[in-house]
Amino acid sequence: MRYFTWKKIYETGISKIDAQHKKLFSLVNSFYSELFSDSFTPDSKTIYCILKKLNCYYKYHYNYERAVYSEEIILKYFDKENLLAEKINNLICTKKDADIIAFYGFAEYLRKWLVRHVLILNNKFFKEDINKKAYKISCN
């Protein structure tokens, strides 16, 4: 089941970032599908496997965006972005103590994070930043 559907409004116009965002949507949908399945339990091996994949891919994506956007934008807008990795690690590390409430709380955080992250990158300011950076690279 899809909980999050990719929409044209989410497109940044930067094909690699859009593809990475689509992959994040897919991983988040996997997490939600497992969490809301009839067979889910807080000690589910599947949910932890999904969390590890999400964490690895998120780190890859975050590092990619750090290389694409200017330091000014990274400092101003991406400070909170790294909280996702911290929250995933907290769930993984507290595996034996995790309860359903912790997973539901994380699911809510993840939903807000995903939409905010993708929509903020559609901001005209970000697109202008990318164009400036591309211009500097091509002029050097």
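Which pattern does the protein follow when read along the sequence? After that, please take a close look at helix H5 (residues 100-120).

Mentor: Happy to, and please keep in mind throughout that this is a predicted model. Read along the sequence, the pattern is α-α-α-α-α-α. Of the 140 residues, 40% count as buried.

Helix H5 (residues 100-120) packs with helix H4 (residues 83-93), their axes lying 11 Å apart at an angle of about 165 degrees. Angles over 145 degrees count as roughly antiparallel, and H4 and H5 are therefore roughly antiparallel to each other. The crossing of H4 and H5 is left-handed.

The axes of H1 and H2 come within 10 Å and cross at roughly 160 degrees. That makes H1 roughly antiparallel to H2, and the crossing of H1 with H2 is left-handed.

What links Glu-108, Arg-111 and Lys-112? The three are joined in a network of salt bridges. In one of its contacts, Arg-111 pairs with Glu-108, and the closest N and O atoms are 2.4 Å apart. Both residues lie in helix H5, three residues apart, which is about one turn of the helix. Glu-108 also forms a salt bridge with Lys-112, where the closest N and O atoms are 3.7 Å apart. The cut-off for a salt bridge is within 4 Å. Because Glu-108 and Lys-112 are four residues apart in helix H5, about one helical turn separates them.

Are these side chains tucked away or open to the surroundings? Glu-108 is partly exposed, with a relative accessible area of 33%. Arg-111 is partly exposed too, at 32%. Partly exposed covers the range between buried, under 20%, and exposed, over 50%.

A search of the whole structure finds three salt bridges. Among them is a contact between the side chains of Glu-11 and Lys-8, at 3.3 Å from N to O. In this pair Lys-8 is exposed, with a relative accessible area of 65%, whereas Glu-11 is partly exposed at 30%.

Which residues form a nonpolar patch on the surface? The members are Phe-36, Ile-100, Ile-101 and Tyr-104, and together they have about 380 Å² of accessible area. By number, Ile-100, Ile-101 and Tyr-104 fall within the 100-120 span of H5. Phe-36, by contrast, is found in the loop between helix H1 (15-35) and helix H2 (45-68). Membership in a patch asks for over 30% relative accessible area, and Phe-36 is partly exposed at 40%.

Methods. Residues numbered from 1 in each chain as written. Predicted model: local features only at pLDDT ≥ 70, side-chain atom pairs only at ≥ 80, totals over all residues. Heavy atoms only, no water. Patch = residues over 30% accessible without salt bridge, like charges linked within 9 Å, V, L, I, M, F, W, Y side chains within 5 Å. Areas by Shrake-Rupley, 256 points an atom, 1.4 Å probe, with all protein chains shown as cover. Helix = DSSP H or I, 4+ residues; strand = E, 2+ residues; numbered from the N terminus. Buried < 20%, exposed > 50% of the residue type's maximum accessible area, 1.4 Å probe, protein only. Axes fitted to C-alpha atoms, helices over the stretch in contact; angles between N-to-C directions. Parallel < 35°, antiparallel > 145°, perpendicular 65-115°, else oblique. Left-handed = near helix turned anticlockwise from the far one by under 90°.
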